[in-house]
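Visitor: Please take me through this structure, and for each description set the value against the definition behind it.

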Amino acid sequence: MKYGYIGLGNLGKHLAASLRRAGFEVVVNDLHRDAAKSLLDAGCTWADSPRALAEQVDCVITCLPSPAASDTVLTGPDGVLQGLRRGGTWIEMSTTDESEIKRIAALAAEKGISTLECPVTGGVHLAAQGRITVLVGGEQAVFESHKSALEAMGGQIFYMGELGKASVIKVITNMLAFIHLVACGEALMLAKRGGLDLAQAFYAIKASSGTSFVHETEGQLVLNGSYDINFTMDLACKDLGFAYEYGRKFGVPLEIAGLTEQIFRRGRSQYGGEAQSTQIVKLLEDALGTDLRAPGFPKVLT
């Protein structure tokens with residue numbers, strides 16, 4: 001089966017590379033051809049537009065920064081749905097809204113195209129290793145037909161049920177990650193202002209009941225001062241907005257998530273939408289005039 005991959009940002013370029021390493025034929029497209037250089041060197045081929053890409057493949061995968069971007073790439077005049085033949089599949093790996101994935105899937109179905117949603121979670125460093133977690137929603141038969149490709153891109157794969165369910169769980173996981181990040185910053189600041197050695201405090205928390213995946217990964221990027229998680233404030237605010245809307249829709253009062261969204265909107269106002277999401281901890285550092293640097297932590301996650 002031949003795959004097309006559209007969206008070669010921090011996540012997409014690694015997921016497409018994993019497909020290619022596994023031996024799949026891969027055609028790629030992005031707004032910026034330079035983003036595809038390493039993939040073209042690895043044997044992928046370039047298409048000049050989403051439509052041109054779709055005309056060459058059996059399945060199109062998208063990994064894009066917003067629902068609006070997905071809508072343009074799929075339904076625009078030079079979009080995927082203009083080129084992908086009947087019987088093809090569209091796999092959405094972006095973080096999007098449940099209603100939006102269903103809306104575009106209905107347009108695809110009118111053309112005889114199946115849809116699978118497969119957002120990923122776990123961080124860019126795991127995507128680079130082919131070990132990122134994949135969350136799947138859609139028809140079971142469609143999932144099974146593309147399972148080998150998903151296994152090439154990810155580690156653990158969770159089938160969540162019908163279309164839309166993976167979008168909900170992905171937003172939930174991101175919501176928790178952002179809450180944990182704010183809590184991690186507050187905990188480390190307590191340790192610093194309490195006179196503790198920050199490196200020792202980090203490892204003590206890691207070995208405690210208070211640890212989290214975010215503490216163990218993004219906490220390092222705060223302590224080494226890089227903040228380099230390859231995930232922006234804009235994306236964090238988008239995902240927290242999705243969570244808040246789900247709270248309204250499902251009748252769940254999201255008090256902690258609501259406060260976290262306000263904190264991230266303040267962080268975006270302070271540092272800009274393209275700032276690293278981990279810089280939310282810098283709000284506290286700047287407010288108190290106290291940095292959270294500690295020696296001995298690598299600059300990137302491995």
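Visitor: How many residues does α12 have, and what reach from its first C-alpha to its last is expected at 1.5 Å a residue?

Guide: This is a predicted model, in which local features need pLDDT of at least 70 and side-chain atom pairs count only at pLDDT 80 or more, while totals for chains, interfaces and linings use all residues. Residues are numbered from 1 along each chain as its sequence is written, and side-chain values use heavy atoms, with hydrogens and water left out. Helices (H or I, at least four residues) and strands (E, at least two) are DSSP runs numbered from the N terminus, and the expected span of a helix is 1.5 Å times one less than its number of residues. α12 has 18 residues and reaches 26 Å from its first C-alpha to its last, close to the 26 Å expected.

Visitor: How do you know that the span of α9 agrees with its number of residues?

Guide: The 29 residues of α9 should span 42 Å at 1.5 Å a residue, and its end C-alpha atoms are 43 Å apart, which agrees. After α9 comes glycine 195, with a positive phi near 85°, and after α12 comes glycine 251, with a positive phi near 70°.

Visitor: What makes tyrosine 227 buried or exposed?

Guide: Buried means under 20% relative accessible area, exposed over 50%, and partly exposed in between, for a 1.4 Å probe and protein chains only. Tyrosine 227 has 6% relative accessibility and therefore counts as buried. This residue is in the loop between α11 and α12, and its phi is positive, about 55°, although it is not a glycine.

Visitor: Why is asparagine 230 placed in its accessibility class?

Guide: Asparagine 230 has 30% relative accessibility, so it counts as partly exposed. Asparagine 230 also belongs to the loop between α11 and α12, and has a positive phi of about 60° without being a glycine.

Visitor: Which residues touch the most other members of the largest nonpolar core?

Guide: A nonpolar core is a set of buried Ala, Val, Leu, Ile, Met, Phe, Trp, Tyr and Cys residues joined through side-chain atoms within 4.5 Å. The largest such core has 36 residues, of which Leu198, Leu223, Phe264, Ile280 and Leu292 touch the most other members. At least two residues each come from α9 (165-193), α10 (198-206), α11 (213-223), α12 (233-250), α13 (255-271) and α14 (280-288), and α9 gives the most, with 11 residues. Another core, of 33 residues, lies apart from it and includes Tyr5, Ile91, Val120 and Leu126.

Visitor: What makes α13 and α14 roughly parallel or roughly perpendicular?

Guide: Axes are lines fitted to C-alpha atoms, for helices over the stretch in contact, with angles from 0 to 180 degrees between N-to-C directions. Angles under 35 degrees count as roughly parallel, over 145 as roughly antiparallel, 65 to 115 as roughly perpendicular and the rest as oblique. The axes of α13 and α14 come within 9 Å and cross at roughly 75°, and the two helices are therefore roughly perpendicular to each other. Among the residues in contact (heavy atoms within 4.5 Å), Ile263 and Phe264 are on the α13 side, and Ile280 and Leu283 on the α14 side.

Visitor: How do you know that valine 26 is buried?

Guide: The relative accessible area of valine 26 is 3%, so this residue is buried. Valine 26 lies in strand β2 (residues 26-29), and its C-alpha is separated by 5.0 Å from that of tyrosine 3, 23 residues apart along the chain.
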